Amino acid sequence: MEIVKDMSNSDYRAREGLSSSDIKMLLENPYKYKIGYKKPKSENLALGSAVHSLILEPENFKSDFLVMPDLNLRTKDGKEEKAKLEYEAESSGKILIKEDSYKKALDIVDNFKQRSVFDMFKNGVAEVSFFSEINGIKCKARPDYFIQDKGIILDLKTTSQENGASPDNFLKAIANFRYYIQAKWYMLLTGAKEFYFVVLETESPYMLGVYELDKVSLDFAEKEILRAFEVFRNLDKFQSIFLDNLDYSKVQTLT
């Protein structure tokens, strides 16, 4: 195992190895993995990333984000300024975030720091990169926060859903977004014994929840990871099967 501190996000992404996101995409759509598909950026994603940065690495916020002031996009000047900022963000590798989203991120973080859960984010390190091999396949992970001496990983999640941090709603998110795979993946690569999701709602009053997964969920995740490895080793075959059997243009009967 190789552990690298102070590695930039861009350097981490450029490093060879499967990530937990890759594992999920291999299971969901091997064709998208093969062509290097990336999900389009959204303002909600920018807000969540800003919250992460302000909690875990506040010293890096200015170097990672570009705040766009409130512009009148009905005017030529407003449109030109927006295009200029978008170009600046793209060329510098920064995340462009609207000013109102940035202010909301500050409110979310200020509220979080007043909660007892914030004390969990002490005596550990944020955004450390791990590189290893599992079954001969190069793998990588970059947990949000790792308390090494206790073997604990903390993973920050933000949700714009009303009551999204409640047990019922976050359980659905775990299933829909396969968060169980992320939990087991990080534990495998880091040797951590405990993994906790810290879920923050992005609408006032900024409710939060803290969750862990049971053994059944983590065992199932490990089986899914091994299944993803099989897809990865036989990518062309599985890509073909996927495209042949899941052509969305064909009429299908849903139950």
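Glu2 has Phe131 in β5 as its bridge partner. Strands here are DSSP runs of E with at least two residues, helices are runs of H or I with at least four residues, and both are numbered from the N terminus. The model is predicted, so local features need pLDDT of at least 70 and side-chain atom pairs count only at pLDDT 80 or more, while totals for chains, interfaces and linings use all residues. Residues are numbered from 1 along each chain as its sequence is written, and side-chain values use heavy atoms, leaving out hydrogens and water.

The strand pair around Glu2 comes first. β1 and β5 (residues 129-134) run antiparallel and are joined by three bridges; two strands count as paired if DSSP finds at least two bridges between them. They belong to an open sheet of three strands, ordered β1-β5-β6, with antiparallel pairing. β1 (2-4) and β6 (137-141) each have a single partner strand, so one side of each lacks a neighbour in the sheet. From one strand to the next, the twist averages 20°. Helix α9 (residues 179-190) packs on this sheet and touches β5 and β6, with its direction at about 105° to that of β6. Contact means heavy atoms within 4.5 Å. Axes are lines fitted to C-alpha atoms, for helices over the stretch in contact, and angles run from 0 to 180 degrees between N-to-C directions.

Another open sheet has five strands in the order β4-β7-β8-β9-β10, and its pairing is mixed. Its edge strands, β4 (125-126) and β10 (208-211), each pair on one side only. Helix α9 also packs on this sheet, where it touches β7, β8 and β9 and makes about 140° with the direction of β9. Strands of a sheet pair through backbone hydrogen bonds, either parallel or antiparallel. Both senses can be followed from β8. Three bridges join β7 (residues 145-147) to β8 in the antiparallel sense, and Ile147 stands opposite Ile152. The hairpin of β7 and β8 has four residues between the strands, and Gly151 there takes a positive phi near 65°. With β9 (residues 194-201), β8 pairs in the parallel sense over eight bridges; Leu156 has Val198 as its bridge partner.

How much of strand β8 (residues 152-159) is buried? Seven of its eight residues are, where buried means under 20% relative accessible area, exposed means over 50%, and partly exposed lies in between (1.4 Å probe, protein chains only).

The whole structure has 14 salt bridges, each a side-chain nitrogen of Lys or Arg within 4 Å of a carboxyl oxygen of Asp or Glu. One of them joins Glu2 and Arg15 at 2.5 Å, N to O. This pair links distant parts of the chain, since Glu2 is in β1 and Arg15 is in the loop between α1 (9-14) and α2 (20-28), 13 residues apart. Glu2 is partly exposed, at 36% relative accessible area, and Arg15 is partly exposed at 30%.

Glu222 and Lys184 form a salt bridge with their closest N and O atoms 3.7 Å apart. Glu222 lies in helix α10 (residues 215-233) and Lys184 in α9, so the pair ties together parts 38 residues apart in sequence. Lys184 is buried, at 15% relative accessible area, whereas Glu222 is partly exposed at 31%.
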